[in-house]
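Subject: Structure handover

Hi,

Here is the structure I promised to pass on. Please open it first; my notes follow below.

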Amino acid sequence: MKILVLNGPNLNMLGIREPEIYGNKTYKDLVAMIGDRAVKSGVEVEVYQSNHEGDLVDKIQSAYKNADGIIINPAAYTHTSIALLDALKAVGIPAVEVHISDVNGREEFRKTSFVRAACVKTVSGKGFEGYIEALDFLTQYIGENK
Ligand code: DQA
């Protein structure tokens with residue numbers, strides 16, 4: 001089983017950006033944490049980050065027939081990007097939306113998610129653990145829906 005983990009703009013700045021919201025751990029820590037869980041679960045993961053919307057669209061398209069599931073934190077593109085929604089719909093791969101912070105408890109504009117309509121689950125406000133919850137959920141979901 002192969003899972004693609006996608007992270008959008010500014011998530012490479014984790015540990016530096018707004019630590020009161022996103023915590024002190026770095027993006028490298030996040031990648032290591034996801035990798036550890038994947039090894040334990042016997043799942044292959046590819047973790048990718050980009051600050052560019054089109055790159056993320058390309059990466060989703062490249063998952064077609066190459067990945068069994070997608071975990072996506074589109075960051076700010078969550079609230080703006082119909083292109084990411086359409087890409088997820090186009091490939092038809094089960095996807096889980098993740099947010100480190102509680103997007104529903106912040107500014108009004110963060111309550112809107114375009115990608116949500118193409119995701120089987122959303123995990124929000126659980127910090128880095130949210131990615132682990134998403135990985136565990138998706139592994140089980142794919143196993144049950146083969
Ligand atoms: C975020 C929440 C978004 O609103 C924000 O633009 C981000 C990160 C999160 O993980 O909490 O960059 O997706």
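With a relative accessible area of 12%, A75 is buried, because buried means under 20%. A75 sits in the loop between β3 (69-73) and α4 (82-91). Its phi is positive, about 50°, although A75 is not a glycine. A75 is also one of the residues that surround the ligand. Keep in mind throughout that this is a predicted model.

**The ligand site**

Which residues surround the ligand? They are R17, Y22, N73, A75, A76, H79, H99, I100, S101, V103 and R110. By class, this shell divides into five nonpolar, four polar and two charged residues. The space that the ligand takes is the largest pocket.

- R17: an N or O atom of the side chain is 3.1 Å from an oxygen atom of the ligand.
- N73: a polar side-chain atom lies 2.8 Å from an oxygen atom of the ligand.
- R110: a polar side-chain atom lies 2.8 Å from an oxygen atom of the ligand.

How much of the ligand's accessible area does the protein cover? On its own, the ligand has 320 Å² of accessible area, and the protein covers 98% of it.

N10 is another entry for your backbone check. Its phi is near 75°, again a positive value in a residue other than glycine. N10 is in the loop between β1 (2-7) and α1 (19-22). Is N10 buried or partly exposed? The relative accessible area of N10 is 40%, so N10 counts as partly exposed. That class lies between the limits of 20% and 50%. A75, in contrast, is buried at 12%.

**A helix residue**

L30 belongs to helix α2, which runs over residues 27-41. L30 is buried, since its relative accessible area is 1% and the limit for buried is under 20%. L30 and T139 are 109 residues apart in sequence. In space, their C-alpha atoms are 19 Å apart.

**In short**

For the ligand, begin with R17, N73 and R110. For the backbone, look at the positive phi values of A75 and N10. Every value here is computed from the predicted model.

Best wishes

How values were computed: Residues numbered from 1 in each chain as written. Predicted model: local features only at pLDDT ≥ 70, side-chain atom pairs only at ≥ 80, totals over all residues. Heavy atoms only, no water. Near = heavy atom within 4 Å. Polar contact = N/O pair within 3.5 Å; in protein donor to acceptor, adjacent residues only side chain to side chain. Areas by Shrake-Rupley, 256 points an atom, 1.4 Å probe, with all protein chains shown as cover. 1 Å grid on protein atoms, 1.4 Å probe; cavity = no way out; pocket = protein on both sides within 12 Å on 5 of 7 lines; lining within 4 Å. Sits in = over half its atoms within 2 Å of the grid points. Nonpolar A, V, L, I, M, F, W, Y, C, P; charged D, E, K, R; others polar. Helix = DSSP H or I, 4+ residues; strand = E, 2+ residues; numbered from the N terminus. Buried < 20%, exposed > 50% of the residue type's maximum accessible area, 1.4 Å probe, protein only.
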